[in-house]
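Let us take a walk through a protein fold together. Keep the sequence and the picture side by side as you read.

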Amino acid sequence: MFSSFSASSWRGRAAAARLAAATMVSGLAVTGALVTAGTAVADGTPQQQGGATATIGGLKTYGAAVVHGADGDQQVSAGLFEMSVDNGGTLQTYGVDLRNPTQKDARYQETSWSGTSLNGTKDAGRIRWILQNSYPQVNDLAELAGRAGAAGLTEQDAAAGTQVAIWRYSDGADVDAVDPRAEKLADYLEKNARSLGEPEASLTLDPPAVSGHPGERLGPVTVHTDADTVTVIPPADAATSGVRVVDRDGKAVTSVVDGGQVFFEVPAKALDGSAALSVQASTSVPVGRAFTSDSRSQTQILAGSSESTVSATTTANWAATGPVPALSARKNCAESGVDITATNKGDEAFTFQLMGFEHTIAAGGVRTVTIPLQEDQPYDFTILGPNGFEQRFAGVLDCETQDSAGGDAVQTLSEPSPALAPGTPPGGVNLAETGSSSATPMIAGMALVLLVIGGGVVLLVGKKEPHGAHARR
């Protein structure tokens, strides 16, 4: 259990909007759009990698820091954020993108480093060392002060010094803590940090989608977790569809442990269709896990976790004949895009067009295609198939710090003492309190322009026709 702190979490979300373009083709269809601030998102829940989902509630334990830049010095708040986990639990986090604003009530999802700016940070492992060897993991302040030579260290000093040390590695920032004790801690942590590996996810399912034929056991789906046990939640219509969640021997499964495997058992006479199962557990999320938001709010890294609810979902798609795809997506910051992975367990090949290129997946084949996106670009793909199959992928490509993207304005717009955006006079509007930021108009405008000039990011997926005839946009 991390050190105690109290605050009520902010609730409520601004309604999102939707800007959609749809293209229907034989076999499978895909709708795709670039989402702008003020548009509504497509119905349904996007496919997630699994783990904890939480809402940020602002800075709770903090001090002051000064960021030195070409335009002069700027004072910012530096310290621990609090997050409220869906269905129970609380997280403590530090920011790892100094120049990106923190949005009020932003929703966050646990994710791997490869889907964040940490992917390109050679010192990401040193950040994990700092987290494990500083506050709140080390909550004996006298011990921590002794290591750093910072007698009289307070919780606020410890949080500020830890955040400053993290920013020096995550953003390459020239930043100092205002309080001398916090600055001594930051220097100690920076000097002594050693590289550690990325922590395992609290809960994931691999793969996130499977496919096959009626009468088969579709899978396996492997559970990866640090929880003692995981509860399996069967498909919502299992009683009527006859689809069961079983182990390799065909025995019904209601719980599973790390490394366990489950299957969808589909009746032989089942009509072509799809189903989803979820798994849920209660555990402490590993320190060093990254959290990203689809609202372009500052990326966070976990410093402490109470016992929290974590979950993951996998889908199955089946058909008697023809192509039978399973689809999943993952942010790929190394390639500046989103990987769409398609597996075809059908008895016929299927073809799809993506960004002007045509791809064919043979029966029994698998292929991953990377959709190139610009930094900060929102995306929203809803992939539709026969018999009600639907899979949505939504998010924002947030792979760079503002420095690496060419910006230099510090925008840690965080409760309770945010830095002001460039051009904002003293006493001006607190953008964190409005739930918006100076980046929003730019992001929205960019998405609109891309949609107009590029038609959005639209996948055309369909059954391969004889004689090379394919559905096209």
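Predicted model: local features only at pLDDT ≥ 70, side-chain atom pairs only at ≥ 80, totals over all residues.

Residues are numbered from 1 along each chain as its sequence is written, and side-chain values use heavy atoms, with hydrogens and water left out.

Of the 473 residues in the chain, 55% are buried. Here buried stands for under 20% relative accessible area, exposed for over 50%, and partly exposed for what is in between (1.4 Å probe, protein chains only). Contacts, meaning heavy atoms within 4.5 Å, also tell us about the chain: among those between residues at least 6 apart in sequence, 71% join residues at least 24 apart.

Now find strand E16, residues 290–293. Which of its faces are covered? Both are: Ala-290 and Thr-292 on one side and Phe-291 and Ser-293 on the other are all buried. Two strands count as paired if DSSP finds at least two bridges between them. Ala-290 is the bridge partner of Thr-111, and Ala-290 also stands opposite Ile-301 in E17. E16 and E17 form a hairpin with six residues between them, and Arg-296 in the turn has a positive phi of about 65 degrees.

In strand E6 (residues 107–111) sits Gln-109, which counts as buried because its relative accessibility is 10%. The side chains of Gln-109 and Thr-53 are joined by a polar contact of 2.6 Å. Such a contact is a pair of N or O atoms within 3.5 Å; within protein, one must be able to donate a hydrogen and the other to accept it, and residues adjacent in sequence count only if both atoms are side-chain atoms. In strand E17 you will find Ser-305, buried at 7% relative accessibility. A polar atom of the Ser-305 side chain lies 3.1 Å from the backbone nitrogen of Val-285.

Next, turn to helix H1, residues 124–132, where seven of the nine residues are buried. Among them are Ile-127, Trp-129 and Leu-131. What covers the buried residues of H1 includes strand E5, helix H3, helix H4 and strand E17.

Another sheet is open and has five strands in the order E9-E18-E15-E11-E13, with mixed pairing. E9 and E13 stand at the edges, each with a single partner strand, so one side of each is left without a neighbour in the sheet. Within this sheet, E11 and E15 run antiparallel and are joined by three bridges, with Val-232 partnered by Val-279. In the loop between E12 and E13 is Thr-254, which is exposed at 59% relative accessible area. Leaving aside its neighbours within four places in sequence, Thr-254 is in contact with Val-230, Thr-231 and Val-232.

How many residues line the second largest pocket? There are 30, and Leu-205, Asp-206, Pro-207, Pro-208 and Arg-330 lie nearest its centre. E19 gives the largest share of the lining, five residues. A pocket is found on a 1 Å grid over the protein atoms alone, as an open set of points where a 1.4 Å probe fits, with protein on both sides within 12 Å along at least five of seven lines; lining residues have an atom within 4 Å of a point.

Finally, look at the backbone itself. Most residues other than glycine have a negative phi, and most peptide bonds are trans. The peptide bond from Asp-206 to Pro-207 is cis, with omega near 0 degrees, and Pro-207 lies in the loop between E8 and E9. The bond from Gly-219 to Pro-220 is also cis, with omega near 5 degrees. Asp-376, although not a glycine, has a positive phi of about 70 degrees, and is buried, with a relative accessible area of 7%.

Methods:
Helix = DSSP H or I, 4+ residues; strand = E, 2+ residues; numbered from the N terminus.
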